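Q: I would like to learn how to read a ligand site and a sheet in a model such as this one. Could we take the features one by one?

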Amino acid sequence: IADGGSGTGHKDNKTHLGREKADRATRDQVLDKRTEAIIEHMVRKELISELQGVISTGKEANVYAAPLYTYDDETGTQTGTHYRAAKIYKTSILSFVDRERYITGEHRFRNGGHKGNNRKMVKKWAEKEFRNLQRLNRAGLACPYPIQLKANVLLMEFLGDGQGHAYPRLRDVELEGVDDNDIAQQWRQLYIQLLGLVRRLYHVCRLVHADLSEYNILYHEHVLYLIDVSQSVGHDHPQTFDFLRMDLHNIGAFFRRKGVDTLRDRTVFEFVTS
Ligand code: ADP
Ligand code: MN
């Protein structure tokens, strides 16, 4: 793991996971030996060149910017950097027990037999997020493109600029406009855009996000991107409607705080499901 700011130089000198750095990461309970091996494999396969600075440290996962450097074949000098995002699910976290309820009743994962085995369980969540991202992508919804999944490591498209800075979460967005009215209009449009996204997620992907809030939506140039879909549930889940109501409630509360004259919960629910 590089501390960031690296990414120049010669191919032969590029930073792999050094012993010392890997040990530190292991101490931080992020990379255990197996996870470390997966990262090294992704480096060897040239899916990424290294793990760079951590974008987010969450309860269940950390997200890293993972650059892939390109080199000139002749001279070996670096010609460019292409960023990817690596979401590494933590294998030593108890809060996953909590998430059992999301799995229960969902036949896609009913036969996992993962209960009591943390590593297997974490793998299930990563798998679920990967598959859900595939579903969103096939439906043409704005979200990261899933690139590869290996055990608890999910490699996906990086939603950010060319320098490795992730797009802001909707929570942190400050819209610019010519006046207050213009800004209010933009917030309203984002609200409508999001309701459309949730509706397509429901009808085309046949999924409910189940953890939707201003924290799990990224924003860039008037476009909203859905992320963090590991807990999203299908229509066959007994609590689908409960999760949907909760999602819509969160969204409504956020946009109301932004001054949007939001629709009533019932109206929104009917719009999404009808
Ligand atoms: P968690 O389960 O920890 O909430 P998320 O999937 O929500 O994990 O990711 C945490 C944060 O990492 C997000 O809020 C976002 O800032 C960043 N992030 C996640 N995926 C990407 C991505 N594909 N591109 C850029 N940033 C991302
Ligand atoms: Mn999240």
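Q: Which atom of ligand 1 does a polar side-chain atom of Lys87 lie 2.7 Å from?
A: The general idea is to look for pairs of N or O atoms within 3.5 Å, which count as polar contacts. In this model, which is predicted, the polar side-chain atom of Lys87 lies 2.7 Å from an oxygen atom of ligand 1. Asp228 also has a polar side-chain atom placed 2.9 Å from an oxygen atom of the ligand, whereas for Leu159 a polar backbone atom is 2.9 Å from a nitrogen atom of ligand 1.

Q: How much of the 550 Å² that ligand 1 exposes when taken alone does the protein bury?
A: One reads this from the accessible area of the ligand by itself, and here the protein buries 89% of those 550 Å².

Q: Which residues come nearest to ligand 1, and what classes make up the shell?
A: There are 19 residues around ligand 1, and those that come nearest are Lys87, Glu157, Leu159, Asn216 and Asp228. Sorted by class, the shell consists of twelve nonpolar, three polar and four charged residues.

Q: Why does ligand 1 lie between domain 1 and domain 2?
A: Both domain 1 (11-157) and domain 2 (170-273) contribute residues to the shell around ligand 1, and the ligand therefore lies between them.

Q: In what order do the five strands of the open sheet come, and which are the edge strands?
A: Strands of a sheet pair through backbone hydrogen bonds, either parallel or antiparallel. Here the five strands form an open sheet in the order β1-β2-β3-β5-β4, with antiparallel pairing. The edge strands, each of which pairs on one side only, are β1 and β4 (146-150). From one strand to the next, the twist averages 20 degrees.

Q: How many bridges join β2 to β3, and how many join β3 to β5?
A: The antiparallel strands β2 and β3 are joined by eleven bridges, and Tyr64 stands opposite Ala86 in β3. Between β3 and β5, which likewise run antiparallel, there are five bridges.

How values were computed. Residues are numbered from 1 along each chain as its sequence is written. Chains are lettered from A and ligands numbered from 1 in the order in which they are written. This is a predicted model: local features need pLDDT of at least 70, side-chain atom pairs count only at pLDDT 80 or more; totals for chains, interfaces and linings use all residues. Side-chain values use heavy atoms; hydrogens and water are left out. A residue is near a molecule or strand if one of its heavy atoms lies within 4 Å of it. A polar contact is a pair of N or O atoms within 3.5 Å; within protein, one must be able to donate a hydrogen and the other to accept it, and residues adjacent in sequence count only if both atoms are side-chain atoms. Accessible areas come from the Shrake-Rupley method with a 1.4 Å probe; for residues, only the protein chains shown count as cover. Ala, Val, Leu, Ile, Met, Phe, Trp, Tyr, Cys and Pro count as nonpolar, Asp, Glu, Lys and Arg as charged, and the others, Gly among them, as polar. Domain bounds come from an automatic or database domain assignment. Two strands pair if DSSP finds at least two bridges between them. Helices (H or I, at least four residues) and strands (E, at least two) are DSSP runs, numbered from the N terminus. Axes are lines fitted to C-alpha atoms, for helices over the stretch in contact, and angles run from 0 to 180 degrees between N-to-C directions.
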